[in-house]
Amino acid sequence: MDLRIPKAFLDQKTMPFEVDHVTPGCGAILHGVDVTDLSGTEISAIQDLLACHGVVFIENQDISPDQQQAFAARFGTLAQEPFVAAMPDAPYVTRLLKGADEQAPNTFGGVWHTDLPFLETPPAYTILYGVDIPETGGDTLFSNTRLAYENLSDTMREILKGLQGVSTSTSYKVGESNTHFSKMENMELKLLGARDEAPSHAHPLVADHPVSGSSSIYLCPSSTKEIEGLSKAEAAPLLSFLTGYITDPFFSCRYRWKKGTLAMWDNRVVIHRALSDFLGSRREMHRCIVIAA
């Protein structure tokens with residue numbers, strides 16, 4: 001298979017602000033943007049960029065949690081995070097924090113994933129704001145599953161058509177098997193009890209985007225462990241292939257955070273992973289999630 005970047009990714013639409021691409025296939029940095037003062041045309045342009053490139057980065061912002069909520073609400077209905085406590089004065093903003101004194105190497109979001117795919121209606125958009133950034137480390141990786149889908153063989157597209165991936169939130173359950181979240185000392189997590197039923201939902205492995213009409217692979221490597229209609233033995237090799245495939249560097253970008261950067265991504269187009277390489281440094285991010293209107 002010859003990997004290629006479709007022409008649509010290289011076409012520069014007329015934008016109301018300057019755009020730099022992080023890589024040809026994933027990510028865009030927007031210049032001259034004040035997220036507290038955007039026109040309807042600028043909001044639509046950001047949605048178009050997200051549908052194509054998956055994630056945008058808007059640097060040099062100075063916003064409060066309330067202003068972050070207000071920006072997020074321009075794109076749809078805000079949703080409350082089910083497993084992380086909201087900030088006291090901002091009910092739709094959660095604080096993702098790893099302290100400099102924490103000894104565990106884990107960080108929140110430190111595995112490849114798309115946000116909350118086990119909900120009946122997963123978030124369309126996530127907005128993450130950099131409050132306190134390590135001098136080095138703590139970058140985030142993104143991978144464009146729209147571009148990945150467009151590079152699949154016709155045969156594999158036919159195989160995936162109509163299949164539903166089942167995602168579950170078992171990683172949020174209290175117990176000895178919870179090695180990822182149990183060691184996060186400064187996160188106000190609302191973990192499920194050991195006997196609680198973990199939310200689980202099925203979603204198409206190929207998702208059609210409501211803005212662009214294009215298709216993407218919708219798969220969360222950390223929580224999609226089954227495919228409806230297939231045995232676990234049948235599903236395992238397909239899920240293993242897709243996980244390795246959609247995280248190929250060809251489809252990805254890596255962003256080095258700066259204080260005051262606001263990143264926004266489309267969970268229907270990208271998966272992401274926060275790197276846990278800043279032990280001994282403090283990292284604080286504020287997050288909103290949006291259910292598309």
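**Close-up views of a predicted model**

A search of the whole structure, which is a predicted model, finds 11 salt bridges.

**View 1. The salt bridge between Glu81 and Arg287.** The closest N and O atoms of Glu81 and Arg287 are 2.3 Å apart. Glu81 lies in the loop between strand 4 (76-79) and strand 5 (86-87), while Arg287 belongs to strand 17, so the pair ties together parts that are 206 residues apart in sequence. Glu81 has a relative accessible area of 7% and is buried. Arg287 is buried too, with a relative accessible area of 6%.

**View 2. The salt bridge between Glu284 and Arg95.** Here the closest N and O atoms are 3.0 Å apart. The pair links distant parts of the chain, with Glu284 in strand 17 and Arg95 in strand 6, 189 residues apart. Glu284 counts as buried, at 8% relative accessibility, whereas Arg95 is partly exposed, with a relative accessible area of 31%. Glu284 and Arg95 also belong to a network of salt bridges that includes Asp132 and Arg282.

**View 3. The salt bridge between Glu158 and Lys161.** The closest N and O atoms of Glu158 and Lys161 are 2.9 Å apart. Lys161 is exposed, with a relative accessible area of 57%.

**View 4. The largest nonpolar core, with 31 residues.** Phe17, Leu30, Ile46, Ile127 and Met264 touch the most other members of this core. At least two core residues come from each of strand 2 (28-31), helix 2 (40-53), strand 3 (55-58), helix 3 (65-73), strand 6 (90-98), strand 7 (125-132), strand 15 (262-266) and strand 17 (283-292). Helix 2 supplies the largest share of the core, five residues.

**View 5. Ile46 and the residues it touches.** Leaving aside residues up to four places away in sequence, Ile46 touches Phe17, Leu30, Leu38, Val56, Phe75 and Met264. Among these, Phe17, Leu30 and Met264 are, like Ile46 itself, listed with the residues that touch the most other members of the largest core.

**View 6. Another core, of 25 residues, apart from the largest one.** Among the residues of this other core are Ile29, Leu116, Leu128 and Ile291.

Key
Residues are numbered from 1 along each chain as its sequence is written. This is a predicted model: local features need pLDDT of at least 70, side-chain atom pairs count only at pLDDT 80 or more; totals for chains, interfaces and linings use all residues. Side-chain values use heavy atoms; hydrogens and water are left out. A nonpolar core is a set of buried Ala, Val, Leu, Ile, Met, Phe, Trp, Tyr and Cys residues joined through side-chain atoms within 4.5 Å. Buried means under 20% relative accessible area, exposed over 50%, partly exposed in between (1.4 Å probe, protein chains only). Helices (H or I, at least four residues) and strands (E, at least two) are DSSP runs, numbered from the N terminus. Contact means heavy atoms within 4.5 Å. A salt bridge is a side-chain nitrogen of Lys or Arg within 4 Å of a carboxyl oxygen of Asp or Glu.
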